[in-house]
Amino acid sequence: MPDLSVVALNCTLTPSPGESSSQKLLDEVLAELSAHASVTPHVVRLVDHDVKPGVEADMGAGDEWPEIRDRIRAADILVVATPTWLGHMSSVAQRMLERLDAELSETDDDGRPVMFGKVAAVVADLRQSLNDIGFGIPAQGSVYWNGGATSGVDYKDLDKTPEPVATATATPARSTVHLAGLLGAQQYPANG
């Protein structure tokens with residue numbers, strides 16, 4: 001089993017220690033990743049940190065993003081979980097993407113974006129944005145749960161994981177570990 005480091009960003013709107021459906025689903029994804037690789041996860045609930053608005057790597061005094069950014073850059077895998085509100089990711093997830101925008105101008109010694117060779121799994125609808133930044137997105141690399149229309153039931157309140165969600169959680173875990181292993185062994189080619 002490969003040994004992989006994972007940073008998991010929970011973009012829930014609920015501060016700690018409040019219960020979060022995004023956290024519950026994120027925990028299930030991390031458990032599935034552990035079934036396929038030796039993972040060392042570091043979970044960050046972004047709403048608990050002072051992540052300043054902006055598109056720079058460091059927005060100045062009090063900004064806690066630089067430390068989170070360093071963890072992301074050092075990890076093999078980024079997992080992002082966000083609730084969906086009115087069909088869109090949370091404002092916390094949007095803030096995270098705005099801050100990751102700084103990575104678009106950062107390149108390695110061979111001219112590749114610094115996030116090339118990193119893999120992202122998504123517990124929401126962020127795939128295109130993370131791919132644009134340079135993260136590799138594995139086949140079927142996301143999972144979500146919206147329940148029945150107007151059901152009024154939060155994921156965190158379910159007694160057990162529905163079988164379709166369990167299956168949908170296992171697939172991105174396998175695909176994410178596979179892609180991270182491939183990229184760890186052989187990086188994407190450099191520009192030029």
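Arg99 and Asp63 are joined by a salt bridge in which the closest N and O atoms are 2.6 Å apart; a salt bridge here is a side-chain nitrogen of Lys or Arg within 4 Å of a carboxyl oxygen of Asp or Glu. Arg99 belongs to helix H3 (residues 91-100) and Asp63 to the loop between E2 and helix H2 (65-74), so the pair ties together parts that are 36 residues apart in sequence. Helices (H or I, at least four residues) and strands (E, at least two) are DSSP runs, numbered from the N terminus. Arg99 counts as buried at 0% relative accessibility, and Asp63 counts as buried at 10%. The term buried stands for under 20% relative accessible area, exposed for over 50%, and partly exposed for values in between (1.4 Å probe, protein chains only).

The model is predicted: local features need pLDDT of at least 70, side-chain atom pairs count only at pLDDT 80 or more, and totals for chains, interfaces and linings use all residues. Residues are numbered from 1 along each chain as its sequence is written, and side-chain values use heavy atoms, with hydrogens and water left out.

The sheet comes next. Its 4 strands form an open sheet in the order E2-E1-E3-E6, with parallel pairing; two strands pair if DSSP finds at least two bridges between them. Strand E2 (38-45) and strand E6 (119-123) stand at the edges with a single partner strand each, so one side of each is left without a neighbour in the sheet. From one strand to the next, the twist averages 20°. Strand E1 (residues 3-10) runs parallel to E2 and is joined to it by 8 bridges; Asp3 has Ser38 as its bridge partner in E2. Helix H1 (residues 21-36) packs on this sheet, touching E1, E2, strand E3 (77-81) and E6, and its direction makes about 165° with that of E2. Contact means heavy atoms within 4.5 Å, while axes are lines fitted to C-alpha atoms, for helices over the stretch in contact, with angles from 0 to 180 degrees between N-to-C directions.

Side chains of opposite charge can pair when their charged atoms come close. A search of the whole structure finds 8 salt bridges. Among them is that of Asp108 with Arg112, whose closest N and O atoms are 2.9 Å apart. Asp108 is partly exposed, at 26% relative accessible area, whereas Arg112 counts as buried at 12%. Lys156 and Asp157 also meet through their side chains in a salt bridge (3.9 Å, N to O). Lys156 is partly exposed at 26%, and Asp157 is partly exposed at 47%. Elsewhere, salt bridges that share partners join Arg69, Arg73 and Glu103 into one network.
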